[in-house]
Amino acid sequence: LALMTDTFLNNSVLTPKMLSKELIIEILEDWNFWKKEPDTGILRESYLKRLEKLSQTEQVVVVTGVRRAGKSTILKQYINSKIKGGEERKNFLYVNLEEPRFRSELSLDFLQTIYEAYLELLDPSSKPFLFFDEVQLIPGWETFVRGLHEKNKANIFVSGSSAKLLSKEFATVLTGRHIDIKVYPLTFPEFLEFKKLTFKDRLDVVSQKSKVKQLLKEYLEYGGFPLVVLKEEKKEILTSYFEDILAKDVAERHRIKKVEKLRGLAQFYLTNVSSLASFRKIKEFLGLSLDSVERFSVYLEEAYLLFLKNKFAYSLKEQEINPRKIYCIDNGIKNLVSFRFSENLGSSYENAVFLKLLVQEKEIFYWKSKRECDFLIKQGNKIINAMQVCYDFNLGNEEREVSGLLEALSEFKLKEGIIITADLEETRKINNKTVMFIPLWKWLLT
């Protein structure tokens, strides 16, 4: 009896079998719009428009992105917009599967119980909208979603902070039944909106140039996570985000015991953003096995913390054997975690350019022959653009930066290319190629 009592006390988090339907709805009421309006923050209209467009396809809408980028808030903004458009409040069910009272023994049966409780106690008046947040916490969730979708029982939205939601294994279960959207930290234009700086026209942009450049410094230092932008405790919030990504989205999810080795690898990558790195050299530097380096790197990419970009080559084998170039989801996390002995604006500039290209869903590579070119943009089977980033453009590095771009333009038969700078803005004709020098602040707003 004593053993049974201890067992009960040690497992006192509510489980699906212990929860009545009434209690499930009572817990969910905190997250839903049934009787109140939860805070929906500052509108990110581009995502709302995309969600509305994707919902018209009647496919399962899959929303992914790094933790704390704003996925949950955007889904709530979408719900709020639909309610304001005339939909009844009871026709929406939002389930946060990280709710502490739900965390024990999450299962497919639990999802079914939630759904049944909602239908029974809310009695939606039309085809309901179902939102399952952090759905990857329930193994096999896709079979539950597929069943509902095949019966045309609901409009379904699922979200999570793992790229594995888009994996081949998942896609085979929902082949032809899902459509995807990725949510990122704020772009620079969104950042300025959060800072209440808006523009009527291009002349307005020019007149506020000094304010824009001042805010760019903050954006490059602390990044674009929405809460970080709005709060004063920026470093404390960024620290908690980094720890949660490592603990919840990598270590716990993949049952990693060598957490300090994982942390060391993450710090290595974030210290070397915009640099080249190979798994074999990292293995020697950190004292990890090659297998661990490769697996941990994949996990960190799946959690959207970092991105490892290949050198462009027509051969996939050649792409794989060359070093990868490192980028981070957010300059704020990069600057917080990396070992910095001085301000490295060059790295932050290049990472900011990468993040804009990422949000624009470009296919990105770097190029290296005699010289290096930071970015090649591929569309279909063709390279369509080449870009170089140079914060401190001067006589000492001009030849290197320009020749790297010119080499890429020549190799891929491009007529023009871009060099992103701090302040230089002009166009030059060099070796029958057009080279446009554009300040970062202006390019980010384009």
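Predicted model: local features only at pLDDT ≥ 70, side-chain atom pairs only at ≥ 80, totals over all residues.

Reader: What makes the pair of Phe-188 and Phe-191 stacked?

Author: A pair of aromatic rings is described by the distance of the centres and the angle of the planes. For Phe-188 and Phe-191 the centres are 6.1 Å apart and the planes are at 20°; since planes under 30 degrees apart count as stacked, this pair is called stacked.

Reader: Why are Phe-188 and Phe-191 separated by about one helical turn?

Author: Both residues belong to helix α8, which covers residues 188-194, and they are 3 residues apart in it, so about one helical turn separates them.

Reader: How do you know whether Phe-188 is buried or exposed?

Author: Buried means under 20% relative accessible area, and Phe-188, at 1%, therefore counts as buried. Phe-191 also has a relative accessible area of 1% and is therefore buried.

Reader: Which residues form an aromatic cluster?

Author: One such cluster is formed by Phe-312, Tyr-314, Phe-365, Trp-367 and Phe-412. In the case of Trp-443, the charged end of Lys-356 sits over the ring at 4.3 Å from its centre.

Reader: What makes Gln-77 a buried residue?

Author: Gln-77 has a relative accessible area of 2%, and because buried means under 20%, the word applies to Gln-77. This residue lies in helix α4, residues 71-84, and, leaving aside its neighbours within four places in sequence, Gln-77 is in contact with residues including Thr-40, Ile-42 and Arg-44.

Reader: Why does the radius of gyration of the protein chain agree with that of a compact globule?

Author: For 446 residues, a compact globule would have a radius of gyration near 22 Å, and the protein chain has 24 Å, which agrees. Buried residues make up 52% of the 446 residues.

Reader: What is the predictor's confidence in the protein chain?

Author: The average pLDDT of the protein chain is 91, and 92% of the residues score at least 70. Over residues 1-16, however, pLDDT stays under 50, and the model has 15 contacts beyond four places in sequence for them.

Conventions:
Residues numbered from 1 in each chain as written. Heavy atoms only, no water. Phe/Tyr/Trp six-rings, centres within 6.5 Å; stacked < 30°, edge-to-face > 60°. Helix = DSSP H or I, 4+ residues; strand = E, 2+ residues; numbered from the N terminus. Buried < 20%, exposed > 50% of the residue type's maximum accessible area, 1.4 Å probe, protein only. Lys NZ or Arg CZ within 6 Å of the ring centre and 35° of its normal. Contact = heavy atoms within 4.5 Å. pLDDT = per-residue confidence, 0-100. Rg over C-alpha atoms; globule rule 2.2 N^0.38 Å.
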